[in-house]
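Welcome to my notebook. I opened this structure and jotted down what I looked up, one spot at a time.

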Amino acid sequence: MLGNFEYCNPTKLYFGNDSLKYLKGELEKYGDNVLLVYGGGSIKKNGIYDDVTAILKEAGKNITEVSGVMSNPTIQKLREGVAIARENKSEFILAVGGGSVIDYSKALSVSVNEPEDPWEKYYIRFEEPTCETLPVGAILTMVGTGSEMNAGAVITNPEEKLKIGHVFADEKIMPRFSILNPKYTLTLPQYQMVSGIYDIFNHICEQYFSGDDDNTSDYISEGLMRSVIHSSRIAVKDPQNYEARSNLMWTATWALNTLISRGKTTDWMVHMLGQSAGACTNAAHGMTLAAVSLPYYRRIMNDGLPKFARFAENVWGISPDEKTEKELAEAGLRAMENWMKEIGVVMNLTDLGADESMIPDLVNGTIILDGGYRKIDKDEIAEIFRESL
Ligand code: NZQ
Ligand code: ZN
C-alpha cells in the first residue's frame, strides 16, 4: 500500500428487514420541511411510499414531493426540482428509490441555494459547491450504484447527448443516513436486478484493475467479487431469496463507498464508455457497462497482465498450472464472460438500441481518464464501441 490518502465516510447505515424503524429518529435531526423525492411509482405499488409517509406524518413533517425522477435523471428534471425545493423552503431531502433518485437528490442538495445553473457549474466545470447544501437521507430500493454511501451524482443532458457524473469532494454531500432493507429490492424486475448486479461487479473491477503495489484494497475487492458472483447465481435462479439479495445489497454498498479505492489510481473507463452509451440510448446503467466491458478489458489486458492473471486465479478459481500468464489472464476474462451470459446481462450495444451511426456521438461523450493500465485514445474508443455493437 504505497499511496497517501485520507479516509472519512460519515453515512450512517441501517441494514435489515426492520431498518425503517430508525427513520423517525433520524428525521428528528433535521428541519420540518421535507422534500420527498421518488421515481416513477414503484414505491407506491409495493407499499414503501405508504410506510414512509406515515412515519413522516407521525414525525410532524411538512411534506413536499418531487416524483417521477426517471432512470438516468435529466438536467431538466433537476431544474424543476430546484424550483419546487426553493418554493417550499425545503430543509431536508428524503430520497426513496434507486441510484437515479439518490443521485438526483444529491444534485438537488448542491443546487437549491446555488444561483448559477448546475449543469455548467457541476457537470461541465466540475466545481465544488460554494453555497449552503441541503442534507440528504436515503431509503434504497434498487441495488447497484452504491449511491447510498457515496458522494456521486450522475446527471444526463439529453440535448447535448452527455451523461456526466460528479463525485463531490465534500463528504457532507453523501447521504447522512441510508436505510437498506433487502426486502424492498424483492419487487425489482429481473432485468433491473441483473443490471444492478453487473454494476456492482464492474465498480469493483474499475478499482481493482489499477496499480502494481501490494494493496489491501485488492484483497477486499477479490472477496467482494466472489461474494457477488456467488449471490448472483442464487438470486438469478431464485430472485426472492432474501439471503442472496441481502448480500448483494451489502456488497453493492462496499463496492463503491470509497473504501476499495484507497491507495489506488482507479480506472473507470468502462463507466466513461457506458455513460456515453447511456446518454445516447437511455439504457439501464449496468447493461451499458456490460455491453462495453469485454472489448475494453481484452484491449488493455496485456498492459496489466499480472493483475488480470491474479483476477483469474483469485476471483474465478482458475488454476495457473500449465498456463502462461497470458493464457491465465485470458481464461479469467472468459470465465467473466460466461458468468455474464449465465446471469443474463445484455452483451452488446445493438440490443440497447445503438448503431454504427451513433459512433461519433458515443466517442464525443466519452471522457478519457488515465488511472487504468493504459490511457486509450479516441480512435481506440471508436474501435471499442464498434466491437461492442
Ligand atoms: O422509477 P421507479 O418506478 O421507482 O422504477 C425504478 C426504475 O425504473 C425501478 N425500481 C427501483 N426500485 C424498485 C424498482 N422497481 C420495483 N421495485 C423496486 N424496489 O428500477 C428502475 C431503475 O432504477 P434506477 O434508480 O434508475 O437504477 P440504478 O439504481 O441503477 O441507478 C442508475 C443511475 O445511477 C447512476 C447511473 O448512471 C444512473 O443514472 N450511477 C450512480 C453512481 C453513484 N452515485 O456513485 C455510480 C454508478 O456507476 C452510476 O453511474
Ligand atoms: Zn456504475
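**Entry 1: I84**

I began with I84, which is in contact with L35, T64, E65 and V66 once its neighbours within four places in sequence are left aside; contact means heavy atoms within 4.5 Å. Before going further, I noted that this is a predicted model, where local features need pLDDT of at least 70, side-chain atom pairs count only at pLDDT 80 or more, and totals for chains, interfaces and linings use all residues. I also noted that residues are numbered from 1 along each chain as its sequence is written, that chains are lettered from A and ligands numbered from 1 in the order in which they are written, and that side-chain values use heavy atoms, with hydrogens and water left out.

I found I84 in helix α4 (residues 75-87). Helices (H or I, at least four residues) and strands (E, at least two) are DSSP runs, numbered from the N terminus. Is I84 buried, exposed or partly exposed? I84 counts as partly exposed, because its relative accessibility is 27%. For these words, buried means under 20% relative accessible area, exposed over 50%, and partly exposed in between (1.4 Å probe, protein chains only).

**Entry 2: V112**

Next I went to V112, in the loop between α5 and α6 (118-124). V112 has a relative accessible area of 6%, so I wrote it down as buried. Leaving aside neighbours within four places in sequence, I listed V82, A85, R86 and L134 as its contacts. S90 is 22 residues away from V112 along the chain, and their C-alpha atoms are separated by 8.9 Å.

**Entry 3: H166**

I then looked up H166 and found it in strand β7 (residues 162-167). H166 is buried, because its relative accessible area is 2%. Which side chain makes a polar contact with that of H166? The partner is E128, at 3.0 Å. A polar contact is a pair of N or O atoms within 3.5 Å; within protein, one must be able to donate a hydrogen and the other to accept it, and residues adjacent in sequence count only if both atoms are side-chain atoms. Not counting residues up to four places away in sequence, H166 also touches others, including Y122, Y123, F126 and G152.

**Entry 4: the two domains**

I checked the domain assignment, which gives domain 1 (12-185) and domain 2 (190-388); such bounds come from an automatic or database domain assignment. Their C-alpha centres lie 27 Å apart. Across the boundary, 27 residues of domain 1 are in contact with 25 residues of domain 2.

**Entry 5: ligand 1**

How many residues surround ligand 1? I read 31, the closest being G40, S42, S71, G99 and S100; a residue is near a molecule or strand if one of its heavy atoms lies within 4 Å of it. Each of domain 1 and domain 2 gives at least three residues to this shell. At least two residues come from each of α5 (99-109), β6 (152-157), α7 (190-208) and α10 (269-281).

- A backbone N or O atom of G40 is 2.6 Å from an oxygen atom of ligand 1.
- A polar side-chain atom of T141 is 2.8 Å from a nitrogen atom of ligand 1.
- A side-chain N or O atom of N150 is 2.9 Å from an oxygen atom of ligand 1.

On its own, ligand 1 has 960 Å² of accessible area, and the protein covers 88% of that.

**Entry 6: helix α15**

In helix α15 (residues 378-388), I found E380, I381, A382, I384, F385 and S388 buried. The cover over these residues includes α10, α11 (285-300) and α14 (359-364). D377 caps the N-terminal end of α15, with a side-chain oxygen 3.2 Å from the backbone nitrogen of D379.

**Entry 7: two positive phi values**

Most residues other than glycine have a negative phi. I found T266 with a positive phi, near 65 degrees, in the loop between α9 (242-255) and α10. T266 is buried, because its relative accessible area is 12%. E322 also has a positive phi, near 55 degrees, and sits in the loop between α12 (305-314) and α13 (325-343). E322 is exposed, because its relative accessible area is 82%.

Methods: Areas by Shrake-Rupley, 256 points an atom, 1.4 Å probe, with all protein chains shown as cover.
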